[in-house]
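I opened this entry to record what I looked up and in what order. I began with the packing and left the domains for the end.

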Amino acid sequence: MIRLEELTKIFETRDGRAVAADHVSMEVREGEICILLGPSGCGKTTTLKMINRLIPPTSGKVFINGQDTTDYDTITLRRGVGYVIQQIGLFPNMTVAENIGVVPRMLGWDKRRIDRRIAELLEMVSLDPAVFMKRFPKELSGGQQQRVGVARALAADPPVLLMDEPFGAIDPINRGLIQDEFLKMQQKLGKTILFVSHDIDEAVKMGDKIALFSEGKLQQFDSPDNVLAHPANDFVADFVGRDRTLKRLPLTCVADVLETGMPQPDAGTVRVHVTGSDDLRTAVSLMFAHELDQLPCMDGQGRYLGCVTLAGITRHLGQTYRNADDRSGPAGGTEG
Amino acid sequence: MVLEIWLYMVHNVDLIVSRTIEHISLVGVAIGLAILTGVPIGIAITQNKRVASVVLYIGAIIMTIPSIALFGLMIPVLSKFGQGIGYVPAVIAVLLYSQLPIIRNTYTAITNVDPALREAARGMGMTPLQRLRKVEIPLAIPVIMAGIRSAVVLNIGIMAIAAYIGAGGLGVFISQGISQTDPRQLVTGAVAVSVLAIVADYALLWLQRRLEPAGLKSARVLEGAP
């Protein structure tokens, strides 16, 4: 659990005071990924770096698992918090194994425990320890380097991980891959993660929560679906875009909108199908491609489970807007 | 003429060897001390840009003092300690002349370490000393070594002039060659100094490659390679 309380950073520049983070308060629950999102210069990176005090806060507090982090000295705090940066920052003079072992060595682990941990971590990030342990960072591709960067941050098993645009420098294909792998890993690890990004799609994909920043202020802190469906203000609405309802499609899987009562469409006319774990974006894309308004859903054995329909998806996505209308009364409502 | 010089060299091999050893030990001691002072100074001044520019400026001024003048300047000062001429002023002069290349290369190498590496190291909880020992110095070694190499080559030449203040070494051949108008000694001294400089340069290049961290080798930069 990470709690930020009125966290503020004011830089004294030649042109006067610049407020980089303005009374930021939020709480990320244990095991959640919170994406700090916003355009460059919005304060998201400053906020992240105040957590491990790479940037000392002007005022405000950071609590990790209820403990005020100013109780720790800076070095102890940083060794207990994983840190991944966009430029990766693997030490070129050290092998992959040595890079991963940096924090455990500083913490005084014995050599056998470190070696075991290194092998375990490399396997976790899908790199064969036998092949990669002795390699130098120069001998790895960008994606492999960032996998090692993530492994290094996880080395001492810190409860909290700070990631500063970790996948920003990786090509789009590998980025998608490494994002998926990371999410799978996170399901097992359950770390509390703060993750800086400027990409709304990445935020929707990776985040349990999104914290949207602008001009040093936290504009909205909510689940991706709520940020997309109910932007708190014009800035947020602008940032997530007018097609924001489409961006909600990947957040729901077919199983959630399945209409089990529907008869199976004729296999001769409908040749495509989805599975329950496919997301709605995939389903809608298939419908558009094949000029269909409903798709059969099959399980792994090819058994028919029900249908996903365009009307059902519309109803599902629209529900949250209807509820908001009910709450705010007929005069209010969300702008489209 | 060439034959005469050759015969002189052959007949005086023992003398050449002993003066070469003397020369090497003079330069060696001076460079050793220069590394012990220059590398820490070079690291220390990375903390403050203004101090760095002052220190590098002083180093550059020292380099512009002609060596013969520096020896002359030191005679009255060191005479107070009974060391006006000979070994001590020779070592001090070379020590001073070595400071600029060693300090400058150390400073440049440390400040050129990728800021991302420094941030990663900081973020992982390395202390400033650990960052220096485990990251910054290993990465700076090739450039620091290049500075030491240029200091050695430069000062093998300067040490030859120290013969005039009675420091010994290969410069004795040259100074006696001039005073006795004996080209045999003069050429012998000059050739020996040149050969020593070239051999030292290659030996240090070899050492530099040995000391270079394995992970950097594919991106080798041959500063000052002959």
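The model is predicted. I looked up the nonpolar cores, and the largest has 126 residues. Ile35(A), Leu36(A), Leu194(A), Phe195(A), Ala211(A) and Val94(B) have the most contacts inside this core. I then asked which element gives the largest share of the core.

I picked Leu36(A) and listed its contacts, leaving aside neighbours within four places in sequence. Leu36(A) touches Lys44(A), Thr47(A) and Leu48(A), and also Leu194(A), Phe195(A), Val196(A), Ala211(A) and Phe213(A). I also noted a second, separate core of 12 residues, with Val254(A), Val257(A), Leu280(A) and Leu295(A) among them.

Next I checked the contact between the chains. Chain A gives 19 residues to it and chain B gives 18. On the side of chain A that touches chain B, helix H2 (74-79), strand S6 (81-85) and helix H4 (102-106) each supply at least two residues. I sorted the residues of that side into 12 nonpolar, four polar and three charged.

I turned to an open sheet in chain A, where four strands follow the order S2-S1-S4-S5 with antiparallel pairing. Strand S2 (16-28) and strand S5 (67-68) are the edges, each pairing on one side only. Between strand S1 (residues 2-13) and strand S4 (residues 59-64) of chain A I found five bridges. Thr8(A) stands opposite Ser59(A) of S4(A).

Last, I looked up the domains of chain A: domain 1 covers 2-242 and domain 2 covers 252-316. Their centres, taken over C-alpha atoms, are 36 Å apart.

Notes:
Residues are numbered from 1 along each chain as its sequence is written. Chains are lettered from A and ligands numbered from 1 in the order in which they are written. This is a predicted model: local features need pLDDT of at least 70, side-chain atom pairs count only at pLDDT 80 or more; totals for chains, interfaces and linings use all residues. Domain bounds come from an automatic or database domain assignment. Two strands pair if DSSP finds at least two bridges between them. Two residues are in contact if their C-beta atoms, placed from the backbone, lie within 7 Å. Ala, Val, Leu, Ile, Met, Phe, Trp, Tyr, Cys and Pro count as nonpolar, Asp, Glu, Lys and Arg as charged, and the others, Gly among them, as polar. A nonpolar core is a set of buried Ala, Val, Leu, Ile, Met, Phe, Trp, Tyr and Cys residues joined through C-beta atoms within 7 Å. A residue is buried if 20 or more other C-beta atoms lie within 10 Å of its own, exposed if 12 or fewer, and partly exposed in between; C-beta atoms are placed from the backbone.
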